[in-house]
Amino acid sequence: MRPAKNKQPNMDSLRQLIRQPSHVVIVTHKNPDGDALGSTLALAAVLNKLLHNVKVVLPNDFPPVFNFLPGIEKVIIGEMNPEEAVAAFEQADLIFCLDFNSLDRIDRFGLDVMASRAIKVLIDHHIDPEPFADFSISKTEASSTAELIYDFLLDMGLDKYVDIPVAEAIYTGILMDTGSFRYGTNPRVFEISAELKRLGMDDYMLQIRLFNSMTEKQLKLLGYCLANRMELMSEHQAGIIWLDKEDYKKWSIGRGDTEGIVNYILMVRNMKLAVFITEQQNVTKLSFRSKGNINVQEICHNYFNGGGHRNASGGQIKASIEDTLAKVKEIIPLTMNAYQLQHEQ
Ligand code: 5GP
Ligand code: MN
């Protein structure tokens, strides 16, 4: 039975559905981060135990730092194996869409989700979800999709399947989306973390794997960015770090090598807006971070065909690094002048 779209669905029917073994696809957004991967692999591990035929589809590859997550060796990478990914969507009875709110976030596979006869379940914490799902669990107040997955498993009566590998996948999502409990937190995320620790999850090992596992090249690239590619616009409490195509070649930058660099700008006293710009092969990508009430989701939505959260968003533009920098430098004063900026000293 398919519930009416956009109505508050009856979770009982999903509880029944999830107990009947079927073909399940779990898909998450392109350039998957720790929350996308942790929430997806946690759910996949539990559904495997219920004897579903589970396929995880990632639109493109993941950063190697997440190699340890349970079941990651079995994921289908759509960019590399498009036929296998399309076949998975065609066979699916149930599709879970995790950690994204619009079908363009999964590139061409958005069409496969749309065309599929499967029941679709969205579990996500981004603003303004598209109404494509039959069941939608969309909570912007959640720290992470991983937090929502834990509560979803509880709600479905599947908590007994949360073992240590599942707990570690969920905790990875929480840690990565809260910057180790520095932002986006709420009481629930601490309660869940306590439950996971009680189960025996090794949080210390996860901290080391996720945050003390940089390669020498990554650390040097960070140093290069801070020394040579950082421009602060102090009067607007904003800063930019950028890398061009030449930098990509010179440093042979790969997936995950630039993760987290944007955050360093906000470590500077009084900085409220951080922009990290990378000129890639066919597109220039932007990552925005902010403190407090500065809304970067609006900036990404209005100017860069993107979105995300109030304090962490991303987008892209078909323009050179020079033109993108010029545009960002125009947008920063426009945006920041709209806020009552307060210097802390
Ligand atoms: P990041 O800057 O780490 O790539 O992404 C920060 C946040 O913005 C994440 O929640 C991510 O889902 C979202 N985001 C990043 N890039 C895009 C994009 O191109 N489009 C949309 N809609 N969201 C994005
Ligand atoms: Mn997330």
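Colleague: As which does Asp 35 count, buried or exposed?

Modeller: This is a predicted model, in which local features need pLDDT of at least 70 and side-chain atom pairs count only at pLDDT 80 or more, while totals for chains, interfaces and linings use all residues. Side-chain values use heavy atoms, with hydrogens and water left out; residues are numbered from 1 along each chain as its sequence is written, and chains are lettered from A and ligands numbered from 1 in the order in which they are written. Buried means under 20% relative accessible area, exposed over 50% and partly exposed in between, with a 1.4 Å probe and protein chains only. Asp 35 has 0% relative accessibility and therefore counts as buried.

Colleague: What spacing do the donors of the manganese ion (ligand 2) follow along the chain?

Modeller: Donors are N, O and S atoms within 2.8 Å of the metal (3.2 Å for Na, K and Ca), and water is not among the atoms, so sites may look incomplete. The protein donors here are Asp 35 (OD), Asp 99 (OD), His 125 (NE2) and Asp 177 (OD), which lie 2.2 to 2.4 Å from the ion. Along the chain, the donors follow the spacing D-x63-D-x25-H-x51-D.

Colleague: How many residues apart in sequence are the parts that Asp 35 and Asp 99 tie together?

Modeller: Helices (H or I, at least four residues) and strands (E, at least two) are DSSP runs, numbered from the N terminus. Asp 35 belongs to helix α2 (residues 34-49), whereas Asp 99 sits in the loop between β4 (94-98) and α4 (109-115). Asp 99, at 2% relative accessibility, also counts as buried. The pair therefore ties together parts whose separation in sequence, in residues, is 64.

Colleague: In the open sheet of 6 strands with parallel pairing, which residue of β2 is the bridge partner of Ile 26?

Modeller: Two strands pair if DSSP finds at least two bridges between them, and the order in this sheet is β3-β2-β1-β4-β5-β6. Its edge strands are β3 (76-77) and β6 (135-138), each pairing on one side only. Strands β1 (residues 23-28) and β2 (residues 53-58) are joined in the parallel sense over 5 bridges. In β2, the bridge partner of Ile 26 is Val 56.

Colleague: At about what angle does helix α3 run to β2?

Modeller: Contact means heavy atoms within 4.5 Å, and axes are lines fitted to C-alpha atoms, for helices over the stretch in contact, with angles running from 0 to 180 degrees between N-to-C directions. Helix α3 (residues 82-91) lies across β1, β2, β3 and β4, and its angle to β2 is about 135 degrees.

Colleague: In the sheet with mixed pairing, which residue takes a positive phi in the hairpin of β7 and β8?

Modeller: The strand order is β7-β8-β9-β10-β12-β11, and because β7 (230-233) and β11 (307-308) each have a single partner strand, one side of each is left without a neighbour in the sheet. Strand β7 runs antiparallel to β8 (residues 238-243), with 4 bridges joining them. The hairpin has 4 residues between the strands, and the one with a positive phi near 55 degrees is Gln 237.
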